[in-house]
Amino acid sequence: MIKIKVPATSANLGPGFDTMGIALDIFNTFYVEKSEQLIIENVEEEFKNRNNLFVIAYDKTLAAKNLKANIYVKFETCIPLSRGLGSSSSLVVAGVLAANYLYDLALTKQEMLNICNEIEGHPDNIAPCLLGGFVTTVLENGLPHYKKIEVDKKFKFTVMIPDFEVKTSEARAVMPKQIAVEDAVYSLSRAISLCFALQDGDEERLKISYDDKIHEPYRRKLIPDYEALKIEVIKNGALAFLISGSGSTCLAISRDENFSEKINTKSLKAKWTLIDCNVHRAGAELEYL
Ligand code: HSE
């Protein structure tokens, strides 16, 4: 039996749409071993089949080596579904890691990332999920190239998870097909600046670097409490407030490891769950039990 532990991820970080993401210390865990039959435990009935993303990733990894096999997997999930915290990436990464280990495929991290990206389509969640930390990615001829950037340890990340889902497809559908050049420059300049702010621990730079004009202006309408929550979070000293991935979770960056305790969500429309996180620097982990 092996245990695979994969982190939640927050993609985009505001202006870095589809190009950057960060791993946080909330985890999905999978207990896996070879099996004569396909057995998936601890998921709803509708996910106990080969269309489960974990199994799709596992099958695809084996198929690349002309292999096909069943598997036993038990899910222990803490990453909420359809909330912009990389739950689907966690399944994909875990499925690829399981196949690689159980069948001695000796795939490199880059090869595993390539397979994950073929399934996900954009690498901003899967790269930090697999590799850990804050990761920027470039797609060149369909292949993801990545660069990890250190994040100053003083920065703390608070995820604010509402009691409603936003599907990524829905959040992508509300975005325009084209954007103005000045909006592209607005976000591009901030995305570059944000990388240095997080790396250098530069709080003033972070405050002017987290806003976005590519996706957030359209997506915030899917989160009715967005404006009120942002006011509450900034009033209490956050250095940045943004939508995590495609939402519905929002993310605050601060210097306070108990930042969530300062935030009052009682007057908001949704029920919000706040979790204070650190960056998970190690990436996906596999342990032989
Ligand atoms: N970059 C993606 C998006 C992340 O914002 O749509 C969600 O998978």
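**Fold and ligand site of a predicted model**

The chain holds nine helices and 11 strands, helices (H or I, at least four residues) and strands (E, at least two) being DSSP runs numbered from the N terminus. This is a predicted model, in which local features need pLDDT of at least 70, side-chain atom pairs count only at pLDDT 80 or more, and totals for chains, interfaces and linings use all residues. Residues are numbered from 1 along each chain as its sequence is written, and side-chain values use heavy atoms, with hydrogens and water left out.

Me: What radius of gyration does the chain have, and why does it agree with a compact globule?
Reply: The radius is taken over C-alpha atoms, and the globule rule is 2.2 Å times the number of residues to the power 0.38. With 289 residues, a compact globule would be near 19 Å, so the value agrees: the chain has 19 Å.

Me: Which side chain has an N or O atom 2.5 Å from an oxygen atom of the ligand?
Reply: A nitrogen atom of the ligand is 2.5 Å from an N or O atom in the side chain of D18, and a ligand nitrogen is also 2.5 Å from such an atom of D124. For a ligand oxygen atom, the side chain at 2.5 Å is that of R172.

Me: Where is S248, which a cis peptide bond joins to G247?
Reply: Omega of the bond between G247 and S248 is about 10°. S248 is found in the loop between β8 (240-243) and β9 (250-254).

Me: Which residue other than glycine has a positive phi near 55°?
Reply: The residue lies in the loop between α1 (53-63) and β4 (71-76). With this positive phi, it is N66.

How values were computed
Polar contact = N/O pair within 3.5 Å; in protein donor to acceptor, adjacent residues only side chain to side chain.
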